Amino acid sequence: MGKVVMYSSVSSDGFVADENDQPGPLFDWLSSGDVPLDESGRLKVSRTSYDYTRAYWDQIGVTIVGRHVFDLTDGWGGKPPSGIDHVVVVTHRPQPEGWDAEAPFHFVGGVEAAVAKARELAGDRLIEVAAGDVGGQVLAAGLVDEVRMDVVPVVFGSGKRYFGSVHAQHLLEDPDVVIQGNRVLHLRYRVRR
């Protein structure tokens with residue numbers, strides 16, 4: 001069974017978007033190098049970030065997002081991002097009118113159902129959970145195995161928190177990966193059980 005990994009780029013003060021729901025410079029590191037990260041050629045990172053990020057992306061089988069992210073991205077046009085096989089959308093609303101039923105997107109009503117569906121779809125591959133409110137809910141439910149952060153040198157001061165509205169304490173192990181890239185620090189923590 002694949003691990004459940006909570007992930008996002010994050011400001012140094014812990015936000016995945018500013019108060020206007022915009023990422024601002026959080027993704028600037030994805031264009032701060034000279035090594036293409038994907039086939040599009042638009043994403044270019046340092047060799048260090050490429051080696052870390054590409055290996056991670058290649059392991060992901062399913063991404064879990066909330067309806068808000070789905071709506072902001074317009075459902076990625078029905079094609080999961082970064083070569084991921086499936087997207088599970090946590091929502092209490094029906095799929096959008098006219099949505100292609102053949103697109104590899106699955107709409108479920110809660111985080112436990114989302115993780116169960118993702119496990120069914122992912123097999124041995126990783127399950128990525130987008131940080132923010134849904135990621136925080138999955139963490140609070142005890143279903144996250146690992147936390148990955150791409151920490152960017154910017155302070156937002158306010159906005160959407162990486163861990164959403166989690167109000168309980170959750171212990172992480174010491175970071176087992178700390179990698180310095182261009183304009184980013186890649187961190188990986190296992191969740192203490």
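Mentor: The lining of the largest pocket divides into 22 nonpolar, 13 polar and ten charged residues, where Ala, Val, Leu, Ile, Met, Phe, Trp, Tyr, Cys and Pro count as nonpolar, Asp, Glu, Lys and Arg as charged, and the others, Gly among them, as polar. This is a predicted model, in which local features need pLDDT of at least 70 and side-chain atom pairs pLDDT 80 or more, while totals for chains, interfaces and linings use all residues. Residues are numbered from 1 along each chain as its sequence is written, and side-chain values use heavy atoms, with hydrogens and water left out.

Trainee: Which elements each supply at least two residues of the lining of the largest pocket?

Mentor: Helices (H or I, at least four residues) and strands (E, at least two) are DSSP runs numbered from the N terminus. Here, the elements that each supply at least two lining residues are β1 (4-11), β2 (15-17), α1, β5 (60-66), α2 (67-72), β8 (126-130) and α4 (133-140).

Trainee: Is Ser46 buried or exposed?

Mentor: Buried means under 20% relative accessible area, exposed over 50%, and partly exposed in between, using a 1.4 Å probe and protein chains only. Ser46, in the loop between β4 (44-45) and α1 (47-57), is buried because its relative accessible area is 9%.

Trainee: Which residues is Ser46 in contact with, leaving aside its neighbours within four places in sequence?

Mentor: Contact means heavy atoms within 4.5 Å, and for Ser46, with those neighbours left aside, the residues are Gly33, Val35, Gly181 and Asn182.
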